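These are my notebook entries on one structure. I set down what I looked up, topic by topic.

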Amino acid sequence: MKVLVAIKRVVDYNIKVRIKPDGSNVDIDNVKMGVNPFDENAIEEALRLKEKGIATEIVAVTLGGSINQDVLRHALAMGVDRAVLVESDAVLQPLGVAKLLKAVVEREQPSLVILGKQAIDDDAGQTGQMLAGLLGYGQGTFASTLAIQNNEAVVTREIDGGSEQIAVTLPAVLTADLRLNEPRFVKLPNLMMARKKPIETISANDLGVDASPRLKQVQVSEPPVRKPGIKVGSVQELLEKLRTEHGMDLKGNK
Amino acid sequence: MSILVLAEYEGTQLSPAVYHAVSAAQTWNLPVHVLVAGSNVASIASQAAAIQGVAQVIKAEAAHLGHLLAEDAAGIIAAIGKNYQVILATHSAFSRNILPRAAALLDVAMISDVLEIKAGNTYTRSIYAGSLYSTVQSADAIQVLTVHGSNFALAATGGNAEVMGMDVPAASGKSRWISASHVESDRPALGTAKVVVSGGRSLGSAEKFEAVLSPLAHKLGGALGATRAAVDAGFAPNEIQVGQSGVVVAPELYIAVGVSGAVQHTYGMKESKVIVAINQDPDAPIFQVADYGLVADLFEAVPALTAELN
Ligand SMILES: Cc1cc2nc3c(=O)[nH]c(=O)nc-3n(C[C@H](O)[C@H](O)[C@H](O)COP(=O)(O)OP(=O)(O)OC[C@H]3O[C@@H](n4cnc5c(N)ncnc54)[C@H](O)[C@@H]3O)c2cc1C
Ligand SMILES: Nc1ncnc2c1ncn2[C@@H]1O[C@H](COP(=O)(O)O)[C@@H](O)[C@H]1O
């Protein structure tokens, strides 16, 4: 069975992103970029399916400028079989990404598509569900475990206050929670080898999809700052502040 | 045109999320409808009908909706969505599963976790784990969004809306529910607790996490929370992870114990009314969001604090 993994190139999660002086957008020139963390979980899970003899071919796909080749190299170094760049310099938003990915799914015909549950830059958490809806496939979102049994993906999903298990008929779309697995480290020799592997490039325009953005970003701004706090010297002082300045009685249950 | 709110519930109880969503929906000054989908939801529908400001409850009842799979729920919203100007819910694992799919079926964008609704289909939301705010304007005919619950008041009860049925589309059959596990606890639910005591990796073990933090949470009638590092280390269960990839809370009082204060964590708690941090490192970033910081060894400070409450 073929598995397609969608990966997004995002700012490294350790970096504090700045705003452009005119407030029109974030300034990510010359900032460290990498594979969206949840998408690494998606790649890792696909690799494990292959190691178990369930998956036969893993294709990684990313949408964006030619600079996105670096995240595909990373995926190749982790062990995916093929890498596809859908090249576009346009602004991409989840609905547009889902439409382009749908076109890729129609070409590649995978049994399973795995995405990250959210991208850590836009924090949208939409693309997988949108893709599943457009394809008319079942969806298994926020997956923390996965097993393939009898033409179904059996998924544990992280939900509010607990978890649930569902089975989704293949072909299906899944989105990976960080809990799904621990992604492997990429070894340097693998990275060197991945540099020599081919990357297939498709122009987004050739997919015949209207992926134009529906949302216009008006402004990017700093969140309001919290009133600076103070340091207290003892637990007694802490309780006194909470009681006198915030009217908390903090009587304490027995 | 009207506004549609997607209802969420737990057992026979309508979730507080719905009351937040209804008050957000009132921003538009249009009639607010609430969609209650499920297999046996008469009581949920009447709770929704009793929310002030709700004009109509649409009850989508069918045997196959017992576990409200995303394919079926999104199908229902897509079937009636064209009648609405706005479709919204409070941001939660439930709504995040369903609404993006419904938006795609309606061929419109979705705006996730909206902090502020402005005039002219314009919204402010956070990006980069809450480190920045982005204001976006939507060009779509139907606005689909989730709102950040704690930023919108709880709508009051005392309303008396009509409850209407609807023809439910057939089951999609693309997925089936197997089982669920909910954490049983006599503590208040994390999402709605007035006090949250959260611990980090520095607690050292599951036993110490429980032994040090539980007595304090109990004394304060609060819930326990945890960082991802604590959850990954097996000190605390998944469900109580606070942050970008966990739960977002906004209690009256949040006590962060041995938590460094990574943005991925503060995303989930920085809207709390009063934040207390106990950390032995005076330069820990958590002190930048804390109203009161205590630089101390947690293994001494927390038991001392608990004892003071006696
Ligand atoms: C995509 C992504 C999503 C993430 N989502 C989340 C999320 O939802 N929630 C989340 O929490 N994290 C999340 N993280 C992880 C986050 O980046 C941090 O790694 C994590 O929050 C750190 O947890 P911590 O504070 O327990 O541990 P550490 O960062 O290791 O901090 C431990 C702290 O304890 C203090 N300490 C140690 N001993 C004592 C003592 N005896 N007394 C007092 N203080 C002591 C130290 O000074 C230190 O500040 C995410 C990361 C990524 C990449
Ligand atoms: N430009 C992109 N290229 C490839 N995959 C993407 C892209 N944008 C989003 N995705 C996928 O969709 C997931 C969710 O993204 P989002 O809906 O933006 O939070 C990501 O984790 C990726 O798996």
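Entry 1, the cores. I looked up the largest nonpolar core, which has 56 residues, and found that V61(A), L35(B) and I87(B) touch the most other members. I take a nonpolar core as a set of buried Ala, Val, Leu, Ile, Met, Phe, Trp, Tyr and Cys residues joined through side-chain atoms within 4.5 Å. I call a residue buried under 20% relative accessible area, exposed over 50% and partly exposed in between, with a 1.4 Å probe and protein chains only. Helix α3 of chain A (residues 94-108) gives this core its largest share, 8 residues. I also noted a second, separate core of 53 residues, with V242(B), M269(B), I278(B) and V302(B) among them.

Note on the source. The model is predicted, and local features need pLDDT of at least 70, side-chain atom pairs count only at pLDDT 80 or more, while totals for chains, interfaces and linings use all residues. Residues are numbered from 1 along each chain as its sequence is written, chains are lettered from A and ligands numbered from 1 in the order in which they are written, and side-chain values use heavy atoms, with hydrogens and water left out.

Apart from neighbours within four places in sequence, I found V61(A) in contact (heavy atoms within 4.5 Å) with residues including L4(A), I7(A), L72(A), V86(A) and L101(A).

Entry 3, ligand 2. I found 19 residues around ligand 2, the closest being A6(A), D39(A), A119(A), G125(A) and T127(A); a residue is near a molecule if one of its heavy atoms lies within 4 Å of it. The shell divides into 9 nonpolar, 7 polar and 3 charged residues. Its largest share, 3 residues, comes from β6(A). I then looked up the oxygen atoms of ligand 2. One lies 2.8 Å from a polar backbone atom of A119(A), and a polar side-chain atom of D122(A) lies 2.9 Å from an oxygen atom of the ligand. The protein covers 98% of the 480 Å² of accessible area that ligand 2 has on its own, by the Shrake-Rupley method with a 1.4 Å probe.

Is R157(A) buried or exposed? R157(A) is buried, with a relative accessible area of 4%, and its place is in strand β10 of chain A, residues 152-159. The side chains of R157(A) and T141(A) are joined by a polar contact of 2.8 Å. Apart from neighbours within four places in sequence, the contacts of R157(A) include F142(A), E164(A), I166(A) and N97(B).

Technical notes. Helix = DSSP H or I, 4+ residues; strand = E, 2+ residues; numbered from the N terminus. Polar contact = N/O pair within 3.5 Å; in protein donor to acceptor, adjacent residues only side chain to side chain. Nonpolar A, V, L, I, M, F, W, Y, C, P; charged D, E, K, R; others polar.
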